[in-house]
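Let's take a walk through this structure together, one stop at a time. Keep the picture open beside you as you read.

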Amino acid sequence: MSIKKTESYEEALEKEEQKEEQAQKSGEFAQFDDVAEAEKEQAARDAQAKADLELPPDPEALLEVRHLKKYFPIKKTVTGKVLVSLRAVDDVSFKLRAGETLGIVGESGCGKTTLGRTILKLHEPTDGQIFFEGQDIAKFKPSKMRPLRTQMQIIFQDPYSSLPPRSTVGGILSEPVKVHKIVPPSEVKDYVLKIMEQCGLRDYYYERYPHEFSGGQRQRICIARALTVNPKLVICDEPVSALDVSIQAQIINLLKQLQTTMGFTYVFISHDLSVVKHISDRIGVMYLGSMVEFGDKKSIFENPLHPYTQALFSAVPNPNPDVKMNRIVLKGDIPSPANPPKGCKFHTRCPMAKEICSHIAPAYKEYEPGHFAACHCYPQGDVTESVKAVSLSDNAEAN
Ligand SMILES: Nc1ncnc2c1ncn2[C@@H]1O[C@H](COP(=O)(O)OP(=O)(O)OP(=O)(O)O)[C@@H](O)[C@H]1O
Ligand code: SF4
Ligand SMILES: [Mg+2]
């Protein structure tokens, strides 16, 4: 059974609730052995992940991330053995085609920045694969990464701290061009002036210093710096969060315009859903390091499947004054990624949580073509079967 519309989702929910009541009455979960079940579930997931990692990369994807993990050790023994890890990125998989924008959303601390930095290998991945143009860069050494650095750039949130204060704009923008020998030395200045023009920066800014500019202008300089090396993939980590609303729109439009003219692929990280809606082709929703829902913008906004996505998107203001907002307010704090809840990580805050949610993690399954979610509200099959459904070969067919 597949979920096509919100109506059928509600019907499915009702059925699930009835089943749930029956299960509770019959004491189905009373004897539940969490440890044994978790081990069984983990073994099945590991087996599936192993099989997925053997698959060839999708030739149509510029970026393909498979079962990516980034765990930060937070407690070690004196001998250096890791006792406790913080699971900042926990088994994330997705694909992105060239020229598309993937919006990554989720509450503070859910792992958006860590995901972006791990994709760029600014953090060493704990496990998983990162295919960039068909090459798995996850285990590349820094020397092997160096030639790829120009093709993958990042724009940070804070345009104030990300520019060196003692260099002129010309100096900041010329440096990567010279280091990576993008054009012959005699052509560097003309090349930089052309990039500045594309980013809406006047040519006389060339001799000026970052402190002479406003936040919006500084972010334009940061964007220009990323563009100087002609990248294919640009990770934008909250690029407009520190700016005024009117300036935000200008920067977003600049990014969109550059994507059209230069064909960039963006991973756009933001907690501002209106901005994400405006710029993204696909959207990934993260919670406590996991991707809980992924799909194209239309399906995610019009038919969000995961209760977390529904709550998150219920807060987006509707410009139509006749449409009543049904805001879903989530209760409770975000649990620690160092000690995430058992079963579904969202069950401690989920308004639809059932008994099973605190015991078994839901499978990340495709419910509509290209639309994935991890939730027990939808058909799961038995644990082993549902884990099989995460297969990236299914994912490949969808895309
Ligand atoms: N270098 C690090 N060492 C240890 N823990 C880290 C490190 N970097 C991030 N974390 C932790 O990983 C988790 C995810 O952090 P991250 O910065 O990726 O979240 P985020 O979604 O980008 O949050 P925000 O929206 O506030 O920017 C957090 O719990 C954070 O404390
Ligand atoms: S699986 Fe998670 S998101 Fe889905 S109903 Fe249960 S607690 Fe909520
Ligand atoms: Mg962040």
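**Starting at one alanine**

Our first stop is alanine 311, which you'll find in helix H11, the stretch covering residues 307-313. Keep in mind as you look around that this is a predicted model. Is alanine 311 buried, exposed or partly exposed? It has 18 C-beta neighbours inside 10 Å, so it counts as partly exposed; to be called buried, a residue needs 20 or more. Leaving aside residues up to four places away in sequence, alanine 311 touches Ile328 and Leu330.

Let's step back and take in the whole chain. The protein chain has 13 helices and twelve strands. It runs to 399 residues, and 38% of them count as buried. What about contacts that bridge stretches of sequence? Take the contacts between residues at least 6 apart in sequence: 66% of those join residues at least 24 apart.

Next, a pair of helices. Two packed helices are described by the angle between their axes and the distance between the axes. Here the pair is helix H5, residues 169-179, and helix H7, residues 215-227; their axes come within 8 Å and cross at roughly 25°. Angles under 35 degrees count as roughly parallel, and that's why H5 is roughly parallel to H7. The crossing of H5 past H7 is right-handed. Which residues make the contact? On the H5 side they are Val169, Ile172, Leu173 and Pro176, and on the H7 side Ile221, Ala224 and Arg225. Sorted by type, the residues of this contact come out as six nonpolar, no polar and one charged.

Around ligand 1 sit 13 residues, and the ones that come nearest are Phe72, Ala88, Ser108, Thr113 and Thr114. Strand E2 (82-97) and helix H3 (112-119) each supply at least two residues of that shell. H3 gives the most, with three residues. By type, the shell around ligand 1 has five nonpolar residues, seven polar and one charged.

Move on to ligand 2, with 14 residues around it. Which of them come nearest? They are Cys344, His347, Cys350, Cys357 and Cys375. The shell around ligand 2 divides into ten nonpolar residues, three polar and one charged.

Most residues other than glycine have a negative phi, and most peptide bonds are trans. Histidine 67 isn't a glycine, but its phi is positive, at about 45°. You'll find histidine 67 in strand E1, residues 61-76. Histidine 67 counts as buried because it has 21 C-beta neighbours inside 10 Å. Lysine 121 isn't a glycine either, and its phi is positive as well, at about 65°. Where does lysine 121 sit? Its place is in the loop between H3 and strand E4 (127-132). With 21 C-beta neighbours inside 10 Å, lysine 121 counts as buried.

Notes: Residues are numbered from 1 along each chain as its sequence is written. Chains are lettered from A and ligands numbered from 1 in the order in which they are written. This is a predicted model: local features need pLDDT of at least 70, side-chain atom pairs count only at pLDDT 80 or more; totals for chains, interfaces and linings use all residues. Axes are lines fitted to C-alpha atoms, for helices over the stretch in contact, and angles run from 0 to 180 degrees between N-to-C directions. Helices (H or I, at least four residues) and strands (E, at least two) are DSSP runs, numbered from the N terminus. Angles under 35 degrees count as roughly parallel, over 145 as roughly antiparallel, 65 to 115 as roughly perpendicular and the rest as oblique. A crossing is left-handed if the near helix is turned anticlockwise from the far one by less than a right angle, and right-handed if clockwise. Two residues are in contact if their C-beta atoms, placed from the backbone, lie within 7 Å. Ala, Val, Leu, Ile, Met, Phe, Trp, Tyr, Cys and Pro count as nonpolar, Asp, Glu, Lys and Arg as charged, and the others, Gly among them, as polar. A residue is near a molecule or strand if its C-beta atom, placed from the backbone, lies within 6 Å of it. A residue is buried if 20 or more other C-beta atoms lie within 10 Å of its own, exposed if 12 or fewer, and partly exposed in between; C-beta atoms are placed from the backbone.
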